[in-house]
Amino acid sequence: MKITVNGLPATVDASPDDPVVDVLREGLGLTGTKAACRTGVCGACTVLVDGVPQVSCLLPAAVLEEHEITTAEGLDHPVQRAFAAHDGLQCGYCTPGFAVEAAAFVDAWRDGHGDTAPPRERIAAALAGHLCRCGAYEGILAAVAAACRGEHDDPAGAPARVEAMDKITGRARYTTDVREDGMLEGVVIRSTEAHARVTGVSADAAHVVDLLPPDRVVRYAGQPVAAVAAPTRREALAIARAARIGYEPLPAALGDGAADPGAPLVYEDEAARGRAPSSSEGVSLPGAWNGNVRGPFTRASWRGRTAARRIEAARRTGDPRLVSGTFTTAVQVHTPMEPHACVARWDAGGDLHLHLSTQTVGMAAEQAARRWDLPVSRVHVVADHVGGGFGAKSGVTVETIAAVELARACGAPVRVVFGRAEELTDAGGRPGSRTVLDLLADDRGDLAALSVDVHGRGGVAVGSAVAMLARLMYGTAPRRLRDHDVVTNEPPGAPFRGPGGAPLLWALEQAVDEAAHRLGEDPVALRRRWDGNPKRRALYDVAAALPQWTGRPRTGTGTGRFRRGVGVAAANWPYILDPGTEVELRVEGGTVVAATATQDIGTGIRSVIAAVLAEELGLPAGRVRVEIGRTGTVHGPPSIGSRTTTSVAPAVRDAARRLREVGLTDGARVVGGRRRDRRGYLTPFPVGGMALGRGFSGSVHVTEVEVDTRLGVVRPLRVWAGMAVGHVYAERLARSQCEGGVVQGIGYALYEERLVDPVTGTVLTTDLDRYRIPGIGDTPEITVHFHRDGWDHVNGRGVGIGEISTIGVAASVGNAVHNATGWRPRDLPIRPDRLLEGISR
């Protein structure tokens, strides 16, 4: 087939029905066109067809012979420079598609309106067919407006992050873009049963790799059973669909009945329970098993019997200062735009090479070395660019196991990339929860007692750690805190951006809000009085003076169809770091090269390293190069737990000072470390070198919403996000991450809910039509305020922002809905049916 792409003729071997996205990616190597959803929903594969934006995953290759195609690689447009300058990206996987669409919009707008900025709503409408899981929408809106004003017609200007133009133009290479000579495509064969013993697997492939546990039992629909490989993904999928799996069905524990006495057991013995995956970021809390219920874990309680006695006494007397309620949250799926992916290759010497979409380059290498009995020096992991993770891409997971085993069996490189249905089924999700909470104030209006009982629902996974986090908020009043797991025959949960924090705050911050109403006190003022954290108190002072707060309506007084409300929620998160972090600096031809085995999942650590070096050494950007995303260098931290920047930046500064001492001469090499500083953190946890720092980051979110009382729709209007995190290394990137945290919190509050068939256990929300994440039109106006004091005891004077920026957002939305309507939501998401039922009571 002869075609013209980016103004150049080309010949490709394709059938007329092949999707254009595959022809461009596999036939021409134009990997800037991303295949993220393959259902035309996310916009990542957008190209211009005769100047008109089209999603290429739905276009047949036949159109290539008749039309001119332009991809992100062939675009040279001011809007690309605007994206770079205004940081309209984070991980960058969706960015080329956004830029292609935005270029067409900017040209059309300027033709009709001149160099003026469109209204925010007009830009959002033009880009409504695109999704960014990182939530970089504020930067995108600013970039498109600036390009429409003609501000980036001149190519001068510096990007906000060093790799920006590589991502915007499609040059950045992600794991899904890697193609090696002789490479085969691997596909995972998955169970169609929620609970069964597998008696046999047969597939029409030369090599079938077994992925079952030792007992040969599958415990959820979608669990990996085996993997096969073929020259093309289409062929591999056909083999997988035709595979014959023998099942001996077992009773399944699904829905609320899983916790009942006599319910079918998910794990029938101690050995099976010991293999249960963990949804926790650290060590799973200990707990006894009673059927499918594990727990309670109570060691985080403080004077728990006193708390229970006070609460029961208040309940007997009908004390109005006792706030009680049951709060639930749904499973929120990570669904990064780049799906889980691995390319595995064994070389002739027996070394294992992995291109991996991972948040944990070093950890993945260590786990792979243990699993395949290799010295860690013989495992080589590369993650040049990572298209988001949010906690789901940690260590060695099934795509890596399948790719490695297939590569060894087939004697060839093998690539395994999850489809979107796999990503939404079996790649991780924030566990659902059911929280029973009692909060009691005394006659002085102080917190007298707190009881939090949580049953986490992470499918076959255990590790719920929600209630225990209530020990860290609002002083030292007695509190009884109990965490349980309820295991079901559903896919496993995984750590998700502030594990346990968001479901706790959904319950706790609404209870605190209700206590303020009953005490007749301003909700911000009550939090300030109860909260002993001086850094958060500074945020309360700013929040209390905001016009949107002082001008909020009195709760429940709104009338008419559209009602406005404003809510507040506070949060804290532990300061976590990796004290073993090191950074190597070497001088090559006058350029300072920085290397460490960390990775950039969109948070901007490349840019932080480059900025610190430029500041410390007085070098222009052209004389600094950053090498991350691969093993074979000094130890770097994983991108989990808000620890990357706070661990790496001080190590860079230490290395730069050491390099100054030896001189910036060619061949010079130094290693700087974080471990040399022992101030500011406590005893390291025995997990992956992680250490618990001294102090807690803090946030206060003030959210304004509009509630449509006829349709039940909640529309976020404005969010003020106060962050007490100390020194900020790269302000625009930090703001972008906080803005993205707000967007993900809004998704948790209003839209996101994984649905499972209660009879078969099959996940129903298997595409981005049925599992809705926030789009650009759902984005409120976001203002980020950084409070920079209070962290002088920390090396670098700053802590991470990934978790603290998102975990309190949903609670602030819930409190805003209550302010607007007088009805308090208890269940997430706040769906229209729930809202309409609630306000009609």
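Arg735 is partly exposed in this predicted model, with a relative accessibility of 23%. Its salt-bridge partner is Glu731, and the N to O distance between the two side chains is 2.7 Å. Glu731 is also partly exposed, at a relative accessible area of 32%. Both residues belong to helix α19 (residues 731-750), where they sit four residues apart, or about one turn of the helix.

**Salt bridges**

Side chains of opposite charge can pair when their charged atoms come close. In this model the count comes to 73 salt bridges. Here are three of them, for you to find in the structure above.

| Pair | N to O distance | Relative accessible area |
|---|---|---|
| Asp210 and Arg216 | 2.5 Å | Asp210 39%, Arg216 30% |
| Arg658 and Asp654 | 3.0 Å | Arg658 29%, Asp654 19% |
| Glu731 and Arg735 | 2.7 Å | Glu731 32%, Arg735 23% |

Is Asp654 buried or exposed? Asp654 counts as buried, because its relative accessibility is 19% and the cut-off for buried is under 20%. Arg658 and Asp654 are separated by about one helical turn, because they are four residues apart in helix α18 (residues 644-662). In the pair of Asp210 and Arg216, Asp210 is partly exposed, and Arg216 is partly exposed as well.

**The seven-stranded sheet**

Let us turn to the strands. Seven of them make an open sheet with mixed pairing, and the order is β8-β10-β6-β19-β16-β17-β18. Which strands stand at the edges? They are β8 (208-210) and β18 (379-382); each has a single partner strand, so one side of each lacks a neighbour in the sheet. From one strand to the next, the twist averages 25°.

Strands of a sheet pair through backbone hydrogen bonds, either parallel or antiparallel. Strand β6 (residues 184-190) and strand β10 (residues 224-230) take the antiparallel sense, pairing over six bridges. Within this pair, Arg190 lies opposite Pro224 of β10.

Two helices that pack on the sheet come next. Helix α7 (residues 233-242) touches β6, β10 and β19 (414-417), and its direction makes about 25° with that of β6. Helix α11 (residues 398-410) also packs on the sheet, touching β6, β8, β10, β16 (341-346), β17 (352-356) and β19. The direction of helix α11 makes about 30° with that of β16.

Methods
Residues numbered from 1 in each chain as written. Predicted model: local features only at pLDDT ≥ 70, side-chain atom pairs only at ≥ 80, totals over all residues. Heavy atoms only, no water. Salt bridge = Lys/Arg side-chain N within 4 Å of Asp/Glu carboxyl O. Buried < 20%, exposed > 50% of the residue type's maximum accessible area, 1.4 Å probe, protein only. Pairing = 2+ DSSP bridges. Axes fitted to C-alpha atoms, helices over the stretch in contact; angles between N-to-C directions. Contact = heavy atoms within 4.5 Å.
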